[in-house]
Amino acid sequence: MAFELKEIITLLETSLFREAREVTAERICDWCHSFDRREVRVVAALLSSAAVVETDRDCRESQLNALSELTASGLVEAEDLAPLRELRRDVLTEADAEHYDYLVSEYF
């Protein structure tokens with residue numbers, strides 16, 4: 001089942017509040033196997049950028065987890081995750097670092 005880009009953008013637009021951002025990342029995990037190639041790449045790029053600027057640790061962990069789930073599709077490209085290069089590992093929680101280390105080892 002392919003999603004319209006506008007559906008994905010609407011989902012991300014609802015993410016102004018911490019709880020909504022966390023739920024959005026969790027919903028992406030639920031949907032990730034239904035996305036087509038374009039959708040996976042767009043969502044991965046948006047989540048990568050979001051994780052870099054995220055101030056809430058729980059949200060960032062959910063975003064990195066969603067990115068890890070998206071990579072299981074085999075459709076994510078290194079350039080989609082490029083924003084993660086700006087993420088400082090020393091500020092990550094243990095759970096964040098686990099996802100981050102996986103993504104870095106696979107894509108950079």
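1. The protein has five helices and zero strands, and this description, like everything that follows, rests on a predicted model. Read from one end of the sequence to the other, the elements follow the pattern α-α-α-α-α. Of the 108 residues in the protein, 41% are buried. Among contacts between residues at least 6 apart in sequence, 70% join residues at least 24 apart.

2. The packing of helices α3 and α4 deserves a careful look. Two packed helices are described by the angle between their axes and the distance between the axes. Helix α3 covers residues 37-53 and helix α4 covers residues 57-71, and the two pack at an angle of about 150 degrees with their axes 9 Å apart. Because an angle over 145 degrees counts as roughly antiparallel, α3 is roughly antiparallel to α4. The crossing of these two helices is left-handed.

3. Which residues of α3 and α4 make the contact? On the α3 side they are V40, V43, A44, L47, S48, A50 and A51, while α4 contributes R60, Q63, L64, A66, L67 and L70. Sorted by class, the contact of α3 with α4 has 10 nonpolar, two polar and one charged residues.

4. Helix α4 also packs with helix α5, which spans residues 94-107; here the angle is about 35 degrees, and the axes are 9 Å apart. The crossing in which α4 passes α5 is left-handed. From α4, the residues R57, R60, E61, L64, N65, L67, S68 and T71 take part, and they meet A95, D96, H99, Y102, L103 and Y107 of α5. By class, the residues of the contact of α4 with α5 divide into six nonpolar, four polar and four charged. A reader comparing the two lists will find R60, L64 and L67 of α4 named in the contact with α3 and named again in the contact with α5.

5. Q63 is found in helix α4 and belongs to the α4 side of the contact with α3. Is Q63 buried or exposed? Its relative accessibility is 4%, and since buried means under 20%, Q63 counts as buried. Leaving aside neighbours within four places in sequence, Q63 is in contact with A25, L47, A50, A51 and E54; of these, L47, A50 and A51 are listed among the α3 residues that make the contact with α4. The C-alpha atoms of Q63 and R21 are separated by 8.4 Å, although these two residues are 42 residues apart along the chain.

6. V52 has its place in helix α3, and with 22% relative accessibility V52 counts as partly exposed. What does V52 touch, not counting residues up to four places away in sequence? The residues in question are P83, L84, E86 and L87. Between V52 and Q63, which are 11 residues apart along the chain, the C-alpha atoms are separated by 9.8 Å.

7. The structure holds one aromatic pair. The partners are W31 and F35, whose ring centres are 6.5 Å apart and whose planes stand at 90 degrees, so the pair is edge-to-face. The cut-off behind that label is an angle over 60 degrees between the planes. As for accessibility, W31 is partly exposed, with a relative accessible area of 25%, whereas F35, at 7% relative accessibility, counts as buried.

8. S73 lies in the loop between α4 and α5, and with a relative accessible area of 27% S73 is partly exposed. E98, by contrast, has its place in helix α5 and is exposed, with a relative accessible area of 59%. The C-alpha atoms of E98 and E61 are separated by 9.5 Å, the two residues being 37 residues apart along the chain; E61 is itself one of the α4 residues in the contact with α5.

Note on methods: Residues are numbered from 1 along each chain as its sequence is written. This is a predicted model: local features need pLDDT of at least 70, side-chain atom pairs count only at pLDDT 80 or more; totals for chains, interfaces and linings use all residues. Side-chain values use heavy atoms; hydrogens and water are left out. Axes are lines fitted to C-alpha atoms, for helices over the stretch in contact, and angles run from 0 to 180 degrees between N-to-C directions. Helices (H or I, at least four residues) and strands (E, at least two) are DSSP runs, numbered from the N terminus. Angles under 35 degrees count as roughly parallel, over 145 as roughly antiparallel, 65 to 115 as roughly perpendicular and the rest as oblique. A crossing is left-handed if the near helix is turned anticlockwise from the far one by less than a right angle, and right-handed if clockwise. Contact means heavy atoms within 4.5 Å. Ala, Val, Leu, Ile, Met, Phe, Trp, Tyr, Cys and Pro count as nonpolar, Asp, Glu, Lys and Arg as charged, and the others, Gly among them, as polar. Rings of Phe, Tyr and Trp (its six-membered ring) pair if their centres lie within 6.5 Å; planes under 30 degrees apart count as stacked, over 60 as edge-to-face and the rest as tilted. Buried means under 20% relative accessible area, exposed over 50%, partly exposed in between (1.4 Å probe, protein chains only).
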